Structures are given as structure tokens and as C-alpha cells.
Amino acid sequence: MIGEVNMSKRIVLTGGGSAGHVTPNLALVPELEKDGFDIYYIGTKDGIERDIITKAGLKYYSISAGKLRRYFSFKNFVDPFKIAAGYFQAKKLMKQIKPDVVFSKGGFVTVPVVFAAKSCGAPVVLHESDYTPGLANRLAIPKASKVLVAFEAAAKHVEGGAVVTGAPVRGELFDGDRARGLNFLGFSGEKPVLLIMGGSLGAQAVNDAVDAIIDDLLEKYDIAHIRGADKLNNALEGKAGYRQYEFVSEELPDIFAATDLMLSRAGANAIFEILALNIPALLVPLPKEASRGDQILNANYFESKGFSLVLQQSDITPETLRDSLDELNRRSGELKKAMMDSGISNGTENVLREIYSCVREKGEPKHAK
């Protein structure tokens, strides 16, 4: 137990829109369950969070949510009504559940949940994984009882201060076995194993760049390539030393254990998993024209700390990708040592400690007998 909380406890978890706003919540679940929390999850009806959370067996409630856009769209005239509806739906759920604490991970669905929790007197612990807060979290931060950040630099964007915790990492990722991973992939372990991941939706630009030089890469590496839904390349099926998957779930810890090098996007969850597992990585952040630029900031920070190398998507050519991966291989020991010496591993314990602190400060819950 992270901290003694001697009472019956209820927690609402919320976050959605991408797997990056959901999986950190799941990282907290085993310890929360062990410590006797009743866990409820609030998300959207059709978001990626619904499938992930229901498969995990948690109580799931959906509310209406409108997307928060920085650009002109006719949907901007409709979505405020969806957000308002979501607020009243969330407020009704707060009165039913009577949570001792709400943990918000970001994404547009969390805004009405956080506002509803505040209006009902439930403390909110909000976590920001990226180098700078996203729009949803910026709107929700004033309503939070505590704000937690993964990056120390992110604290300067929080008026009143924030607690630097790192990012929650799923505990099962540390349970992998290299031999099982190599056996699953069908690799001998004689060559370095290069794992390529493009985030929860895959990265077509990365996939195309790898495919263009696959034969050159396979001379030096065995490659496990998680390409994303509907992004398999049938022409590469059966190629010696190459395994491709749309996604991997149960076998992922073993694949991580078998991995010597990674080529990855730079989402906050991905890079903190890479850091916690001490895997030397070449990061290809999502470009600014396809995002708000958070992955570029994340990647540059990791590069400045000596944890990872970075190749911008706009700079990818067959030559630059090949050369960057060769440099990664040469410097893998140096990068691994920097990660091990950082003292940063799994932020799960730190986040739980702050959640439990909020529960203790709130005192005896209304539903307790």
C-alpha cells in the first residue's frame, strides 16, 4: 500500500480520445484494487477508451462530449451544447457514485467531468503527461485540487504550482521475459532486436520509411514491427528476421524484454515506458502540422537528457533513417546508462501517493457507514 487510507473508498477515473489518455489510468488500477478502492470510469460512448476500459472489466459510464478545437469548424457551434450536456450527465453520476476522489488524465471528455466533480465537492487530481498541458487540461486545471506533471518543465505552466511525479507505467511491462519474447518473435537473439512502434494508431510515415530500406536493415537487425490497424504490408509477410503486427497486447512485455533498440513516436506514455524499461530509442515525433507540437517538445527533452536520439519526420530519407539507427546502435550503451542513472522509472507510485493524500485530506466519505 502506498499510504494508509482506512476507509471504504470510491474513485472515478477519466480520460479519453486516445490510448495515451487511458493507459496511465490502467497503470493505477492494480494498486487501487489491492487497496480496496471501488473504481468507476467515465468516458465517451464511442471513444477508444470504452473498448480499453470495458475489456479491463471496470465499471464504465459514458457521457456526451464535444471536441475542443483551435480551428474553425461548423461543429464548434454544436459541440458547446454537447459539453453542457456532458456536464449535467457527469454531475448526475457524481451524485450517484459520491467519489472520494476523481483522477483525470486529459482529453476533451474530462472537462465536463472535472467541472462536475468540483461542483459536487469531490477533489480532483489532474495529471499532465506532456511537456506542456493540452487544451483540455488547461481548462480543467483551475478546478483541480492537485495538479501532477510528468515533466518538471511542465510545472511552470500551472499557476499555483504542480507536483512532479513522472508518468504512470503499467506494472506488467516489467514482467517480460527475453527468452519468451524471442521465442514468440521467432528470433535467435544473435542480431540486435529492433522494435518499431507508431503509437496507438500506427505511423504510416514511419512504416513507409522503414519499408523502403527493410532489406538493408535486416542485414543488421531482427525487426518486430507494430504497424497499426489496417497497416500491414503483405509484401513483407514471411521475410526472414521480420515480424509485423497490427497491435500486440499480452505478448508486449515479453517483446519489450527482447528488444535491444526502438524506433518510436514520442507520445508521453511511449517515452516514459521507454525510460522506465531503459530501452535505447530513436524518436520520430509527430510533426507540428499533425499535432500541437507536444511530441516534438517531448522528444527534444529526452534528447537533451541523453536518453534518446531524435529524427524529425520531415528529415526522414532512406539515408538519414539508416544512419540514425546505426548511430543508435553505436550509442546504445551510453543512452542506456543515462536512463539508468536518471533515477526516473515508474511514476505510478508517486501518482498514487498524491491521490491517497487527497482522499485523506477529504476525510470520511459521505457513503461510508
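## A loop residue with positive phi

Lys 98 sits in the loop that links α3 (79-97) to β4 (101-104). Keep in mind as you look around that this is a predicted model. The phi angle of Lys 98 is near 55 degrees, a positive value in a residue other than glycine. That is worth a glance, because most residues other than glycine have a negative phi. With a relative accessibility of 37%, Lys 98 counts as partly exposed, since that class covers values between 20% and 50%.

Asp 230 also has a positive phi without being glycine, here near 60 degrees. You will find Asp 230 in the loop between β9 (222-226) and β10 (242-245). Is Asp 230 buried or exposed? Its relative accessible area is 74%, so Asp 230 is exposed, the cut-off being over 50%.

## Where α1 meets α14

Two packed helices are described by the angle between their axes and the distance between the axes. For helix α1 (residues 23-34) and helix α14 (residues 348-362), the axes come within 10 Å and cross at roughly 60 degrees. That makes α1 oblique to α14. The crossing of the pair is right-handed.

Which residues make the contact? From α1 come Ala 27, Leu 28, Glu 31 and Leu 32, while α14 supplies Thr 348, Val 351, Leu 352, Ile 355 and Tyr 356. Sorted by class, the contact of α1 with α14 has 7 nonpolar residues, 1 polar and 1 charged.

## A closer look at Leu 352

Leu 352 belongs to helix α14 and is one of the residues in the contact with α1. With a relative accessible area of 1%, Leu 352 is buried, because buried means under 20%.

## The nonpolar cores

In soluble globular proteins, nonpolar side chains tend to be buried together. In this model, the largest nonpolar core has 63 residues. Those with the most contacts inside this core are Met 94, Val 102, Phe 151, Phe 256, Leu 283 and Phe 302. Helix α10 (residues 268-277) gives the core its largest share, 6 residues.

Leaving aside residues up to four places away in sequence, Phe 256 touches Leu 173, Leu 195, Met 197, Met 262, Glu 273, Leu 277 and Ile 279.

Definitions and conventions:
Residues numbered from 1 in each chain as written. Predicted model: local features only at pLDDT ≥ 70, side-chain atom pairs only at ≥ 80, totals over all residues. Heavy atoms only, no water. Axes fitted to C-alpha atoms, helices over the stretch in contact; angles between N-to-C directions. Helix = DSSP H or I, 4+ residues; strand = E, 2+ residues; numbered from the N terminus. Parallel < 35°, antiparallel > 145°, perpendicular 65-115°, else oblique. Left-handed = near helix turned anticlockwise from the far one by under 90°. Contact = heavy atoms within 4.5 Å. Nonpolar A, V, L, I, M, F, W, Y, C, P; charged D, E, K, R; others polar. Core = buried A, V, L, I, M, F, W, Y, C linked by side-chain atoms within 4.5 Å. Buried < 20%, exposed > 50% of the residue type's maximum accessible area, 1.4 Å probe, protein only.
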